[in-house]
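Open the model in your viewer and keep the selection tool at hand.

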Amino acid sequence: MTDATAGSAPRTPARSLFAEDARTKRRNRAEARFRAYGLAAVVIGILALIMLLISILSNGLSSFRQTYVTFPVELAEARLDPQGNRNPEEIAAVTTFGYLPVMAMAFIEHVDAMGIEHDLSPQEMAAMISGEAPAQLRAMVLANPDLVGQTVTLEMLVNGRIDGYFKGRVTMASAERDNNVTPGQLVLAQALADAGAMETRFNWNFITAPDASGQRPEAAGLGVAIIGSFYMMLVVLALALPIGVAASIYLEEFAPKNRLTDIIEVNISNLAAVPSIVFGILGLAIFINFAGLPQSAPIVGGLVLTLMTLPTIIIATRASLRAVPPSIREAALGVGASKMQAVFHHVLPLAAPGILTGTIIGLAQALGETAPLLLIGMVAFVREYPAAPLDGLFDPASALPVQVYNWTQRSDPAFVERASGAIIVLLVFLVFMNAVAIMLRRRFERRW
Amino acid sequence: MPLLWIIVIVLLLGAAGFVLGRQRAVASAGGDARILHSLPNYYGTNVLILSVVPALLVMAVWLIIQPMVIESRVTGMIPEAAIEEAGSRSLVMSDVRRVADGLDTAIAAGALTPEQARGMRTELTDVRARLGEIGVALGGEVSSEVLAAAQSYRGLKRSGNLMMTVAVLALAALGLAYGYIRTNREFRARNAVEVAILAILMLASTIAILTTVGIVFSMLFETFNFFELYPWREFFFGLEWRPSFEGGSDLGLIPLLWGTLYVSVIALLVSVPIGLFAAIYMAEYAGKRMRAVAKPLLEILAGIPTIVYGLFALITVGPLLRDYFAAPLGLGSSSSSVMTAGVVMGIMLIPFVSSLSDDIINAVPQSLRDGSYGLGATQSETVRQVILPAALPGIVGAVLLAASRAIGETMIVVLGAGAAAALSLNPFEAMTTVTVKIVGQLTGDTDFSSPEALVAFALGLTLFVLTLGLNVLALYIVRKYREQYE
């Protein structure tokens with residue numbers, strides 16, 4: 001300690017402590033920079049989220065609206081029921097190709113009657129109505145054969161390009177280059193809209209209708225996909241919740257600490273990190289090729305998603321079982337309950353809110369999962385609604401995220417709008433599920 | 001009898017057993033439940049478990065084994081000549097199954113009587129046309145061997161189902177009777193029930209292991225099949241990926257692996273700095289209110305399904321990068337590129353990195369910070385020289401976990417990276433990854449005897465091993481280098 005005082009007198013600072021020297025300034029600048037980097041990182045993350053949502057919403061919201069044209073159609077007996085005895089089987093013999101001219105002629109006549117000038121050929125006029133419309137008319141007539149011979153006023157879907165014009169996706173300039181639509185058709189559509197015969201309004205069909213072929217984006221809907229996703233969630237809930245809770249109770253409350261339980265625990269944490277597509281390969285190899293379950297069926301999707309969700313549920317359940325203080329168990333054992341009774345009568349009810357929250361979050365994850373479902377054939381084009389459970393679980397169906405993928409693979413740009421719209425539906429479900437989970441947590445969470 | 005009915009009947013038997021067992025126990029105690037060893041409900045539950053559990057277990061095992069037995073018996077009926085004609089045994093069998101299902105549909109629709117279906121001969125009836133009438137489409141003409149096999153397939157299935165129904169119901173009744181007879185007031189019903197429940201709990205916890213075993217075996221088995229058809233050297237070291245379903249494909253792993261790693265590296269270059277800085281800011285700088293708003297917002301990013309990111313890459317990020325970076329720089333004109341997929345995947349991984357690092361940074365004890373401040377360090381100096389070194393193992397673990405996520409991610413690359421296998425350095429070029437090719441080779445109708453389909457299993461196994469290795473390494477690093485402060 002002598003050295004410090006032995007030397008020369010302490011160097012007096014050149015300046016006041018209140019004036020920053022160059023080094024302090026540099027350090028302060030570095031501090032400010034570092035802080036700015038941090039803030040920038042947070043802002044970039046949030047901006048990315050906002051951009052993502054804006055991109056999806058701006059592309060997808062329009063899919064909830066669709067353009068319809070209203071005009072009277074005379075359901076001529078001569079064409080639709082040549083024998084004239086209203087026998088449903090004879091009426092069914094007339095295919096959609098028989099309805100197409102009926103509809104097209106009625107449309108052309110209606111336009112002429114309204115006195116709208118145009119120079120379109122009949123083919124161009126007919127092409128303005130959706131390819132799906134004759135099939136809808138046919139279904140309507142088959143459901144009610146008495147309509148034949150009457151004149152009914154119909155509201156029919158218009159072609160996807162015309163619909164795109166009203167939504168701003170198709171313009172006069174793009175129509176010039178497009179083989180599927182001419183500027184003349186757009187002019188006529190605008191005239192019809194001005195006259196009130198064509199309008200764009202809310203489109204329930206987008207949520208309830210089944211998928212449509214690649215040439216008819218205007219008719220494509222999410223009905224089958226929503227049912228398929230719902231069935232899969234039923235399967236996941238029915239299997240993953242009981243199995244996951246049972247496994248967690250065993251591991252947390254009863255399992256002896258030995259090699260086997262260690263292996264199981266490592267296994268579960270590793271399973272949680274296995275890429276989802278590997279579960280798809282498992283489903284294809286085991287459930288479809290080995291067990292012979294049908295392709296594209298919600299039961300197979302549900303089983304695969306169950307295996308994927310199990311680790312999530314087990315981890316959440318174990319955490320909430322662990323959060324129940326040991327005093328509860330000891331009190332139960334103290335008044336003579338068996339270990340099993342202590343767990344099932346006292347610990348499990350107290351852990352239930354946490355288990356439920358974990359299950360809902362697991363289900364939400366499963367609902368958005370796409371990759372494994374692609375491998376088990378859920379990409380198939382399905383137009384039939386599956387039957388009610390349990391048989392319906394084995395019918396072909398689609399799933400919401402897979403439907404999104406399906407639509408992105410089609411060439412018509414109108415499907416981009418549909419895909420974004422489907423994502424909005426998917427996100428609404430997810431927000432709802434997560435909100436329920438958060439609510440449950442807020443309402444029932446106990447801190448010991 | 002439909003499966004559902006069998007289950008319902010077994011459950012009804014179980015419910016009856018519960019009531020009967022409970023009554024018998026109470027009766028044996030002369031109506032005074034205090035004399036019983038266990039609570040009355042345990043006697044009922046004991047009978048219920050004895051009647052329901054063995055019956056349903058036998059049914060499950062039966063359902064798994066019956067198709068295999070029938071398959072092997074029916075396959076034996078088909079002569080070698082018919083198999084050679086169709087190409088493979090599995091193709092003939094799928095024909096047999098389709099014809100059998102068609103006959104079932106025909107009977108259900110009332111177009112055929114069961115006797116007609118059994119007595120049908122190809123010499124007398126045009127089976128294909130007959131089934132076509134009721135909407136069962138068959139690919140080709142039905143040969144007499146296939147029809148005979150289908151008929152015996154149906155017969156075996158019928159008798160198998162009948163036997164199963166009888167066996168399951170008999171077992172349920174037997175279990176009920178056994179449990180009922182055993183019930184008396186001395187019987188330790190609670191102990192018996194608890195042992196049974198414990199067994200069920202144990203069974204449930206082994207499902208996780210069974211899943212892993214299933215994953216490994218399903219892929220190993222098919223991978224071996226693949227390597228019998230295709231040399232493993234060319235798979236692991238091949239530089240070309242050119243599958244063609246006429247045969248003579250080049251199925252080299254290297255270009256796919258290159259694409260996977262390239263996309264993952266870009267994703268990590270985006271997510272690690274942003275995620276880490278965000279975590280540091282949240283943990284060290286942000287006030288309570290800022291944290292309460294920003295943290296959940298960032299975590300929303302983690303809850304968004306990957307297909308949403310995929311669409312975002314496809315319709316927004318891809319065209320943006322192409323129009324403002326790739327095209328002006330002359331680097332490419334494709335909107336799907338390594339850069340597109342990498343950037344979007346990076347966004348997806350931000351919350352993953354940030355929430356893991358946040359936890360780790362928060363775990364560094366306050367005393368270390370206080371000591372550093374006491375020596376005159378600024379906040380950023382403390383973070384860089386004290387906190388980060390202390391948290392490093394955890395952060396490395398988080399980055400490795402993120403890398404494993406990136407490698408296994410599918411939908412973003414399917415929609416954002418493209419499908420052309422290329423070995424190139426240009427990040428604005430479309431490349432493909434292992435996961436994209438698994439989807440590509442296995443989607444739609446595939447013939448599981450061709451190397452072009454089987455390669456997907458080899459790719460899947462490679463992916464599984466890679467991600468598993470990264471996870472194990474991450475856990476190892478976190479455990480080994482974790483500082484113990486308390």
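Begin in chain B: select helix α10 (residues 254–285) and helix α13 (residues 338–363), which pack at an angle of about 40° with their axes 5 Å apart. Helices here are DSSP runs of H or I with at least four residues, strands are runs of E with at least two, and both are numbered from the N terminus. Axes are lines fitted to C-alpha atoms, for helices over the stretch in contact, and angles run from 0 to 180 degrees between N-to-C directions. The model is predicted: local features need pLDDT of at least 70, side-chain atom pairs count only at pLDDT 80 or more, and totals for chains, interfaces and linings use all residues. Residues are numbered from 1 along each chain as its sequence is written, and chains are lettered from A and ligands numbered from 1 in the order in which they are written.

α10(B) and α13(B) are therefore oblique to each other; angles under 35 degrees count as roughly parallel, over 145 as roughly antiparallel, 65 to 115 as roughly perpendicular and the rest as oblique. Their crossing is right-handed. A crossing is called right-handed if the near helix is turned clockwise from the far one by less than a right angle, and left-handed if anticlockwise. Colour the contact of α10(B) with α13(B) by class to find 23 nonpolar, eight polar and one charged residues. In this scheme Ala, Val, Leu, Ile, Met, Phe, Trp, Tyr, Cys and Pro count as nonpolar, Asp, Glu, Lys and Arg as charged, and the others, Gly among them, as polar.

The crossing of α10(B) and α15(B) is right-handed. On the α10(B) side, select residues including B:Leu268, B:Val272 and B:Leu276; on the α15(B) side, the residues that they and their neighbours in the contact meet include B:Val383, B:Ile395 and B:Val399. Contact means that the C-beta atoms of two residues, placed from the backbone, lie within 7 Å. By class, the contact of α10(B) with α15(B) has twelve nonpolar, four polar and one charged residues.

Now widen the view to the whole of chain B, which is divided into domain 1 (3–187) and domain 2 (241–481); such bounds come from an automatic or database domain assignment. The C-alpha centres of domain 1 and domain 2 of chain B are 48 Å apart.

Which domains does the assignment give for chain A? Select domain 1 (64–203) and domain 2 (223–444). The C-alpha centres of these two domains of chain A lie 45 Å apart. Four residues of domain 1 of chain A are in contact with four residues of domain 2 of chain A. The domain 1 side of that contact has one nonpolar, two polar and one charged residues.

Stay in chain A and show the strands. Three of them form an open sheet in the order β2-β1-β3, with antiparallel pairing; strands pair if DSSP finds at least two bridges between them. β2 (151–157) and β3 (198–202) of chain A stand at the edges with a single partner strand each, so one side of each has no neighbour in the sheet. The twist averages 35° from one strand to the next.

Select β1 (residues 65–74) of chain A: five bridges join this strand to β3(A). A:Arg65 has A:Phe202 as its bridge partner in β3(A), and A:Thr67 has A:Thr200. Seven bridges join β1(A) to β2(A), where the partner of A:Glu74 is A:Thr151.

Finish between the chains, where 67 residues of chain B are in contact with 67 residues of chain A. Helix α8 (residues 189–229) of chain B gives the largest share of the chain B side, 19 residues.
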